[in-house]
Amino acid sequence: MTSMYQRGDVIVGVVPKSNDRGDGGTVTGTGSALRAGRRGRRFGWISRQRLSVLLMVIGAICFVCVTFFSIKVHFHGEKEIDGNISKEQSFSSFSVEDGRLVINNTLESISSVNIDDKAADINAPSKRRSRKHYPCDIDFAKTVEYILEPKDYINFTRFKLDYVDREDKALINSPSDLRFGGHQSLEERGKSFNARDQTLHCGFVKGPDGIGGSGFNLDEKDTKYMQSCVIVVSSCIFGSSDFLRRPTSKLISAYSKKNVCFVMFLDEQTLIKLSSEGNVPDERGQMGLWRIVVARNLPYEDMRRNGKVPKLLAHRLFPSSRYSIWLDSKMRLNADPLLILEYFLWRTRSEYAISKHYDRQCLWEEVLQNKRLNKYNHTAIDEQFMFYRSDGLTKFDASDPHKLLPSYVPEGSFIIRAHTPMSNLFSCLWFNEVDRFTSRDQLSFAYTYLKLRRTNSDSPFFLHMFKDCERRALVKLFHHRDDSSVPAPP
């Protein structure tokens, strides 16, 4: 039995040849197996821990790269063609065939734009990073107390303008034929660019006797008040497109509050909307500094075109005024009107001042941008653009030392003007283009100015285009009211 035990002991000892022994010197195979299992489990836990840390480090590096180096990842079906086209509107392929742009079997006419220009635009980088625009310092006079209009300031081109008041009865068969801008023929249009004594179309054209007016009707008390204004700051809100933004009262001098007319034109719909929000005119018809003037029977279905009446025809609405300042309703005035007149008109000896666009200079770019953003009917834009090109309009050349304008695209939300004959003529001509073609006044600004200068080479027109950062220093900018009741552009 003893040998059997020893033989069994030998048999047991044969298994652990790795010299694993117990505390008593006997060989213990079971303890060896447990220790081997523990080493395996410890090695697996350490490996998983290191792998987790490694993955976390890689993830952090990828996040830093995407965040700081703007690495853009395109997923299947989301390839971007233009920065202004959303995912739902994006297209997978495009080509130019026979003067037409083919995109996913959809044709977009580009007859009015050179194919090379359009193709170059499409092949441009898909999305530009939007630039920040900031105001800059303006060297205003210290106070309005000692500001005086220069004695020789009004020494500009002199001639007399009269305006078509009533339509020819032969042109009107019914009230539906009435047009606020009148029925101006192309021959009359061409002659109206001459800086001379003349009678021209400039809005507010009534029908023949017995047929009536064509719109933009004002109360008699408001008309009387407006006829007394010498310096005017005006704006408008039509179609409830904006909130009422009052000029910053603490930045307006007591003299300007007393002697400058601040007039806000509203339609009845907007007045009701503002009243429901707590903006109710007082017994004098005022909301803050604004004198509220309600325009009834607006002449156009397009509210944006209605807005061009007070914007471009201030000399018609305020017949006794010598100066006017226009600002869009998306702005709050943050500067004294007299300081603005002194800096932009009197100091520069200008009749008309408007800022350059913050991003674009060439009308070709403005046309494409209006079509990209669907600002107006594309066919109407093409027709207007083709007409201007056929009449000699060329691309803006920034390197041309003899260029008449520093930019062909204005930022028309802020306009300062003296009501001189040339300034009034330019305003009428510009309005007539808006009445005849699209309501996008940026498209007609350069053409109107250049044709006026070309037609009257011996009669200067002193127009000053100032920097956009100066415009931003004069006002606080807001977004338009987001309201579905505002009609879409035609």
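A disulfide is a pair of cysteine sulfur atoms within 2.5 Å. It is a covalent bond between the sulfur atoms of two cysteines. The views below come from a predicted model.

**View 1. The disulfide of C229 and C261.** The sulfur atoms of C229 and C261 lie 2.1 Å apart and form a disulfide. The torsion about the S-S bond is -100 degrees, and the link of C229 and C261 is left-handed. C229 sits in the loop between α5 and β6 (231-237), while C261 belongs to strand β7 (residues 260-266), so the bond ties together parts 32 residues apart in sequence. C229 counts as buried, at 0% relative accessibility. C261 is buried as well, at 8%.

**View 2. The disulfide of C202 and C428.** Here the sulfur atoms of C202 and C428 are 2.1 Å apart. This link is left-handed, with -85 degrees about the S-S bond. It connects distant parts of the chain, 226 residues apart. C202 is in the loop between β5 (198-200) and α5 (220-227), and C428 is in helix α13 (residues 421-436). C202 is buried, with a relative accessible area of 0%. C428 is also buried, at 0%.

**View 3. The disulfide of C136 and C469.** The S to S distance between C136 and C469 is 2.2 Å. The torsion about their S-S bond is about 70 degrees, so this disulfide is right-handed. C136 lies in the loop between α3 (115-122) and β4 (161-163), and C469 lies in helix α15 (residues 468-474), so the pair ties together parts 333 residues apart in sequence. Are the two cysteines buried or partly exposed? C136 is partly exposed, with a relative accessible area of 22%. C469 counts as buried, at 18%; the cut-off for buried is under 20%.

**View 4. The pairing of the bonded cysteines.** A search of the whole structure finds three disulfides. Number the bonded cysteines in sequence order, and the pairing reads 1-6, 2-5, 3-4. Two other cysteines can be inspected too. C236 is buried, at 9% relative accessible area. C362 is buried, at 9% relative accessibility.

**View 5. Helices α11 and α12.** The axes of helix α11 (residues 363-372) and helix α12 (residues 378-390) come within 10 Å and cross at roughly 170 degrees. That makes α11 roughly antiparallel to α12, because angles over 145 degrees count as roughly antiparallel. On α11, the contact is made by L363, W364, V367, N370 and K371. On α12, it is made by H378, I381, D382, F385 and R389. By class, the contact has five nonpolar, two polar and three charged residues.

**View 6. The aromatic pair of F265 and F318.** The structure holds 29 aromatic pairs. In one of them, the rings of F265 and F318 are 6.2 Å apart, centre to centre, with 65 degrees between the planes. The pair is edge-to-face. F265 lies in strand β7 and F318 in the loop between α9 (314-317) and β10 (323-327), so the pair ties together parts 53 residues apart in sequence. Both F265 and F318 are buried. Ring pairs also link these two into a cluster with F180, F204, F216, F238, Y300 and F431.

**View 7. The aromatic pair of F396 and Y408.** The ring centres of F396 and Y408 are 5.0 Å apart and the planes meet at 65 degrees, so this pair is edge-to-face. F396 and Y408 are each in the loop between α12 and β13 (410-418), 12 residues apart. Both F396 and Y408 are buried.

Methods. Residues are numbered from 1 along each chain as its sequence is written. This is a predicted model: local features need pLDDT of at least 70, side-chain atom pairs count only at pLDDT 80 or more; totals for chains, interfaces and linings use all residues. Side-chain values use heavy atoms; hydrogens and water are left out. Helices (H or I, at least four residues) and strands (E, at least two) are DSSP runs, numbered from the N terminus. Buried means under 20% relative accessible area, exposed over 50%, partly exposed in between (1.4 Å probe, protein chains only). Axes are lines fitted to C-alpha atoms, for helices over the stretch in contact, and angles run from 0 to 180 degrees between N-to-C directions. Angles under 35 degrees count as roughly parallel, over 145 as roughly antiparallel, 65 to 115 as roughly perpendicular and the rest as oblique. Contact means heavy atoms within 4.5 Å. Ala, Val, Leu, Ile, Met, Phe, Trp, Tyr, Cys and Pro count as nonpolar, Asp, Glu, Lys and Arg as charged, and the others, Gly among them, as polar. Rings of Phe, Tyr and Trp (its six-membered ring) pair if their centres lie within 6.5 Å; planes under 30 degrees apart count as stacked, over 60 as edge-to-face and the rest as tilted.
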